[in-house]
Amino acid sequence: MISIYEKKEESLDIVHKKCAHFPPHLHSGMEIVYVTKGTLTLGVGCELYHMDEGDLALVFPNMIHHYQIFEEGKKEAFYIVPQMSLVGGFADDLQKYAPKLPVIKKENVHPEIRDVIYKLYNRSECNQILVQAYIQVILARSMPYLELIPR
């Protein structure tokens, strides 16, 4: 299977869509996945991580990852790809480290993260500074739950 390198032109790409199989790919920015319905399996490198509704995953930049669906039923998720220009002071950690487990279970996902994701998705009134602040809120509320290991 051939991996895909996706180069995003916009500083933030966010979609809310039906979960589906997606082949291995990577980005120069990170990817944030928030499951809103059903389940999803995230593959990072050679490892698979099961995600349930309400779970959040952070895939750090330049990490090969893919998505798989193993169960039937309605499944939806937000897929957010912010460019590195939006991560501020988190940039060094995102480049030097990777999370040992990239999935944060629902009970540890701060409610502020959910609010920010929906605001980003409906960002008709958001300017670039506000988008950057929202991305950094997601990172600030998520990073304490990730055990980082050197790449």
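**Core packing and strand pairing**

Leaving aside neighbours within four places in sequence, Leu56 is in contact with Ile32, Val33, Tyr34, Met51, Pro102, Val103, Ile104, Val109, Ile113, Ile117 and Ser142. In this predicted model, Leu56 belongs to the largest nonpolar core, which has 27 residues. Leu56, Leu58, Leu120 and Ile135 are the residues with the most contacts inside this core. Two or more core residues are given by each of β2 (12-18), β4 (31-37), β7 (56-59), β9 (76-82), α2 (111-121) and α3 (128-142). Helix α3 provides the largest share, five residues. Another core, of 15 residues, lies apart from it and includes Cys19, Leu42, Ala57 and Val103.

Strand β5 (residues 39-44) is mostly covered, with six of its six residues buried. Thr39, Thr41 and Gly43 point one way from β5, whereas Leu40, Leu42 and Val44 point the other way. Strand β5 runs antiparallel to strand β6 (residues 47-52), and six bridges join the two. Within this pairing, Gly43 stands opposite Leu48 of β6. Two residues lie between the strands of the β5 and β6 hairpin, in which Gly45 takes a positive phi near 60°. An antiparallel pairing over four bridges also links β5 with strand β8 (residues 65-68); there, His65 of β8 is the bridge partner of Val44.

His25 is found in strand β3 (residues 22-27). This residue counts as buried because its relative accessible area is 1%, where the cut-off is under 20%. A polar atom of the His25 side chain lies 2.9 Å from the backbone oxygen of Pro23. The side chains of His25 and His27 are joined by a polar contact of 3.5 Å.

Conventions. Residues are numbered from 1 along each chain as its sequence is written. This is a predicted model: local features need pLDDT of at least 70, side-chain atom pairs count only at pLDDT 80 or more; totals for chains, interfaces and linings use all residues. Side-chain values use heavy atoms; hydrogens and water are left out. A nonpolar core is a set of buried Ala, Val, Leu, Ile, Met, Phe, Trp, Tyr and Cys residues joined through side-chain atoms within 4.5 Å. Buried means under 20% relative accessible area, exposed over 50%, partly exposed in between (1.4 Å probe, protein chains only). Contact means heavy atoms within 4.5 Å. A polar contact is a pair of N or O atoms within 3.5 Å; within protein, one must be able to donate a hydrogen and the other to accept it, and residues adjacent in sequence count only if both atoms are side-chain atoms. Two strands pair if DSSP finds at least two bridges between them.
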